[in-house]
2 protein chains.
Amino acid sequence: MDRYGYNGKVLHVNLSTKEFRVESPPEIFYRQYFGGRGFIAYYLLKKMTGGEDPLGPENILVFAVSVLGGAPAHGLCRFSVGAKSPLTGAFGESEAGGYWGPELKFSGFDALVIEGKSPQPVYLFINDGKVAIKEARHIWGLHTGDAQDIIRREIGDERARVLLIGPAGENQIPYANIANELSHISGRTGMGAVMGAKNLKAIACRGTQKIRLSNPELVAEVAKRVARDRNEHPLSYGLHWIGTPGAVLHFNHAGTLPTKNFREGTFAGAEKISGERMIETILQKREGCYACAIKCKRGVGFKSDRFTVDLRYGGPEYEALAALGSNCGIDDLEAIAKGNELCNQLGLDVISMGNSIAFLMECQEKGLLPASWREGLDVSFGQAEVMLKLIEDTAFRRGVGQHLAKGVRGMAKELGPEAEKLAVHVKGQEVPLHDARGKAAVGFGYAVVEKGADHLVSGFDILYERADHPGFQAVAPLGLLEPLGVNDLGPKKIRLFTYMSFLWSFYNCASVCNFAFVPRSITTLNELVHLVKGITGWETSLWELMKVGERAINMARAFNVREGFSKKDDNLPERFFQPLEGEGPLKGFKIDRQVFQEALDLYYGMMNWDKEKASPTRAKLVELDIEWVWDCLPPHIKGGH
Amino acid sequence: MDRYGYNGKVLHVNLSTKEFRVESPPEIFYRQYFGGRGFIAYYLLKKMTGGEDPLGPENILVFAVSVLGGAPAHGLCRFSVGAKSPLTGAFGESEAGGYWGPELKFSGFDALVIEGKSPQPVYLFINDGKVAIKEARHIWGLHTGDAQDIIRREIGDERARVLLIGPAGENQIPYANIANELSHISGRTGMGAVMGAKNLKAIACRGTQKIRLSNPELVAEVAKRVARDRNEHPLSYGLHWIGTPGAVLHFNHAGTLPTKNFREGTFAGAEKISGERMIETILQKREGCYACAIKCKRGVGFKSDRFTVDLRYGGPEYEALAALGSNCGIDDLEAIAKGNELCNQLGLDVISMGNSIAFLMECQEKGLLPASWREGLDVSFGQAEVMLKLIEDTAFRRGVGQHLAKGVRGMAKELGPEAEKLAVHVKGQEVPLHDARGKAAVGFGYAVVEKGADHLVSGFDILYERADHPGFQAVAPLGLLEPLGVNDLGPKKIRLFTYMSFLWSFYNCASVCNFAFVPRSITTLNELVHLVKGITGWETSLWELMKVGERAINMARAFNVREGFSKKDDNLPERFFQPLEGEGPLKGFKIDRQVFQEALDLYYGMMNWDKEKASPTRAKLVELDIEWVWDCLPPHIKGGH
């Protein structure tokens, strides 16, 4: 194995026994699983057997950077956190940028694998290869910001990077998030609740260990070029200037801005909550992640008659603007910014939170909400103050928050079949703020991705709509050579979806930022391959990297199959099979059920999965060099092979 | 489609009607099918419907260079010829180097698609985009060399490159070959018989149209580097110095030199027929193909008491030395060189010819040969003069040659079950001179490749045996990261086989020489990707190129399925399931039937093919963006999908 150039360490921590163990995996492990999602899937499959309680000590919580993470080039700043999800019962996984992932690497580890449950609140401090479990009773119950201040003070290093949960995680709200540097959020699948259930408030990292680069000149060259060209590149500059909030008006124009619980696709108040308006009013700073020249994140801070919003918690991204804004019928930008801050302070995923509120609002409008739930509150669309109250109440399971804390699926189940028709979730995870009507591949991704509805599965349909689009041109190295319409869900689109899903899965294995390397970005796919070589010294290829991504998908799928997930779970909310209401260019459009079912069968076929069991065939696992995963599957799945 | 940089032309010729048509396919056609095997499979699927007589006018004969062919860098010199094979009834395809392929490109065409049958012998002359069908009655019956001389004289250009058949092709011997420049041979699957059946003696090309290069500097740089480093690189220099004949002693040492009809693996006379001996005696020149600095081919010419051998016909490669030598028990190097010259003059595939003779020799030894077949001849192992007579007799279907002209399968069928156990063929094509016992993946390739036993399917097991082997290191970009033993036929080896088969299939689509770009060669896989970009301007990747190769395999497979081929045809000769006899390190070794069957099932699974029908699933075809191939499959295959 002397031909490879990477070696690293994985830290195992048992919170029940307070034991540590350092693993030094062989290099082939790094090359095949890479990090992030790949590592999470590996350890979850190996260390669990299926049927575990997501909030029990037997759940395994993995934080994983990657082979690339922390290298000094833009877009290699991310990390993944994963466990069995308390929100879905499925493979749970969430990515975030910021500075914590690179710092974990600097402290000597590629990943943390956390088992057991501490008898009392603790936090971890990882300092240049040394590990300490520290008492956290005094910070239990604190907002993220207050807790971070205390932790930094205690460990005596203001430059320590701290990842933590808020009260929502402690209270095991199934969609509790995890923050690092307060504004970089691992939002989805309730990983904050898993930390809370383990009595783990935070993980602080500090390290001085440099990332070893095989070819530092090459890495520096890419980094320099991106920094130089950022302002010349339309997408990169746009991300810097207006960021994701730029999508509000764009989607509103296209008729795909989720409005009033995804009932409509245009919002009368869109301009008031737009990225453009934000720049004119509450935007204070443009921020970014480790080593990134693009700096797409928003820094919002203000003090008005009504609210004080602290700049430290970042600012609302597109998802927050639509989740707490248009989807709740709210056009009050300051209130949305406050709601976003509350979510980050309390540790709640803003997508699931906003959608849960929007669902409740529509239920009230339709007369499906019992008075006992409302506790006298007018939960109508457009009620900004109510929205803010509901966020706080959810984190503490107070009042209506007791219901909201169940998430959309949980609430709908109690409210009955009429409410279930309005419940916009997949596998129990609330849908991100992208309407499947108008983005066929994004919608398809909601249905099939193992972690429940997620929008970062396979790129955006709009990238591939026109042959002259730079996004479309960028995917040519994958053999994707023909433009396909945004609402096309035919065989060629499923092919495109499948290929792109391998790439995006690789990104999630590799700590790679979608914005920095997404097709149409400032960096080409082949530059990414060169960058991998420059960092690791591996003579690699897009073939090998795509297979890393595909491998991780198959492992995540195997995890779900072991948990009893089946074909029926790969579905879309009823709402998307119904015509879009309201006004706008897509009015009346709906997903065709039969087209969707055919696409699903074709997808399983393309994945080389058993169509009835929606599960990888043994041959596919062997082809991906993970035959061991076959042994993780239950007997009824393996039968007949 | 303005992002692509390639456009070219395909010439369609109907020999029945003498009509021409020039097709200008869209660029996506070039990018997806690339040339060679890809084009052949495309036109055979599109222009035939199944069940055609390979020797009838309805067979389609395709000559195809590629997008890369003729570019001025080493190893891009090849072309493919294909049709339904008269030897196998399956997908027929054969590759050759030399100068004809590039010259076809210089004359303005990427490919020729020939339909119909001329009422009398003709040849084609393609001259800078112009096409002429010329009378060939006066050269019908001539040796290849004589015919070439006359053609060049007639068209008045000594620099015209001529591809032609000998008397064997005219007489439709099912393993008749095609020569270009007399010594560059399209040997396998009987494509010379298809030319003969169409009354097409030759195709001469002459052109001055330069290959348009997107980045001429890049191409020149690679070419220069290879020329400079050739002598420093062990494999390239070895290929130049001793060429493929170097394999004789190497294989004899390993115990895998096919001897006496594959009965034994070592040959007492190996040294006498070795490449080393050739250098000391009959070797006159080291020759090569268009733009190649390696020059691996042999030039043998001599005049002895017994034979005169003409340098123009090249010299025996390893396959000829083993086919006419060890496998016939013959240790007479001069006689082998003469036999090789005869095959090239008469137009017979030396592999099929040698194996047919070896089969007959063993049948005589075992008393399975009726006296009526022998016509008084002593067809014993070791009879060099008899071997030479049999070659001539075969080309003209004289005496014993009438039987030899049926090939091994045809003869065995007539001789009965005991003889069939000695018949070393797959799908009717005689096996190349590589024993499946000792090269598990090569043997597996014999079984599954669509064109019948062929050794250039997926690399050689020995490349992947040791982690420190440069061949093994070279395949790392494909994610092949673990060494595997030469006789390993387990799941990981089938995975390796499958991936490598995509690469080698791409080579056959792309006019790429295996020796120039085979793993462990002077050029890396990533350099090949850069070269494709340098020639075409396409932003491509190893992913896209591997998919080109996989696409072509699936199309060839679909062709076979349409012709009625099924799982039972993917098999190995009985001999390989029996212990190797004689002496040598592999004495007693045999292929395990159950391991082989399990490997076969796994292979179908990895290919995403229906395991019972041994046929591509619709999903696989859609994934490769060739859903149209599904419509070429017969109803009983498509049922249930």
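Modeller: One definition to begin with: helices (H or I, at least four residues) and strands (E, at least two) are DSSP runs, numbered from the N terminus. This is a predicted model, where local features need pLDDT of at least 70 and side-chain atom pairs count only at pLDDT 80 or more, while totals for chains, interfaces and linings use all residues. Residues are numbered from 1 along each chain as its sequence is written, chains are lettered from A and ligands numbered from 1 in the order in which they are written, and side-chain values use heavy atoms, with hydrogens and water left out.

Biologist: Thanks! Where is V122(B) found?
Modeller: V122(B) sits in strand β7 of chain B, which covers residues 122-127. V122(B) counts as buried, at 2% relative accessibility. Buried means under 20% relative accessible area, exposed over 50%, and partly exposed in between (1.4 Å probe, protein chains only).

Biologist: And what does V122(B) touch?
Modeller: Not counting residues up to four places away in sequence, V122(B) touches several residues, among them L15(B), K18(B), I133(B) and L200(B). Contact means heavy atoms within 4.5 Å. V122(B) and L200(B) are 78 residues apart along the chain, and their C-alpha atoms are separated by 5.2 Å.

Biologist: Over to chain A. Which strand holds G92(A)?
Modeller: G92(A) lies in strand β5 of chain A, residues 91-96. With 0% relative accessibility, G92(A) counts as buried. Leaving aside neighbours within four places in sequence, the contacts of G92(A) include I40(A), V81(A), T189(A) and M191(A).

Biologist: Now helices. What span should α7 of chain B have?
Modeller: Helix α7(B) has 14 residues (216-229), which at 1.5 Å a residue should span 20 Å, and its end C-alpha atoms are 20 Å apart, which agrees. The expected span is 1.5 Å times one less than the number of residues.

Biologist: Which residues of α7(B) are buried?
Modeller: They are V219(B), V222(B), V226(B) and D229(B). Seen down the axis of α7(B), the buried residues fall within an arc of 115°, so they line one face of the helix. That arc is taken from the directions from the helix axis to the C-beta atoms. In general, an α-helix has 3.6 residues a turn, so residues three or four places apart point the same way.

Biologist: What about the other side of α7(B)?
Modeller: There, E217(B), E221(B), K224(B) and R228(B) are exposed. As for the buried residues of α7(B), what covers them includes α23 (525-536) of chain B.

Biologist: How do α11 and α13 of chain B cross?
Modeller: The axes of α11(B) (residues 318-325) and α13(B) (residues 350-365) come within 8 Å and cross at roughly 15°. That makes α11(B) roughly parallel to α13(B). The contact is made by E319(B), A320(B), A323(B) and L324(B) of α11(B) with V350(B), I351(B) and G354(B) of α13(B).

Biologist: What do those terms rest on?
Modeller: Axes are lines fitted to C-alpha atoms, for helices over the stretch in contact, and angles run from 0 to 180 degrees between N-to-C directions. Angles under 35 degrees count as roughly parallel, over 145 as roughly antiparallel, 65 to 115 as roughly perpendicular and the rest as oblique.

Biologist: And α19 with α21 in chain B, at what angle do they cross?
Modeller: The axes of α19(B) (residues 440-448) and α21(B) (residues 491-509) cross at roughly 65° and come within 10 Å. On the α19(B) side, A440(B), A441(B), F444(B), G445(B) and V448(B) meet K493(B), I494(B) and F497(B) in α21(B).

Biologist: How many residues of α21(B) are buried?
Modeller: 17 of the 19 are buried, so α21(B) is largely enclosed by the rest of the structure. Just after α21(B), S511(B) takes a positive phi of about 60°.

Biologist: Where does E181(A) lie?
Modeller: E181(A) is in the loop between β10 (178-180) and β11 (184-186) of chain A. Phi of E181(A) is near 55°, a positive value in a residue other than glycine. At 15% relative accessibility, E181(A) counts as buried.

Biologist: And R397(B), buried or partly exposed?
Modeller: R397(B) is partly exposed, with a relative accessible area of 37%. R397(B) lies in the loop between α15 (384-395) and α16 (401-404) of chain B, and has a positive phi of about 55° although it is not a glycine.
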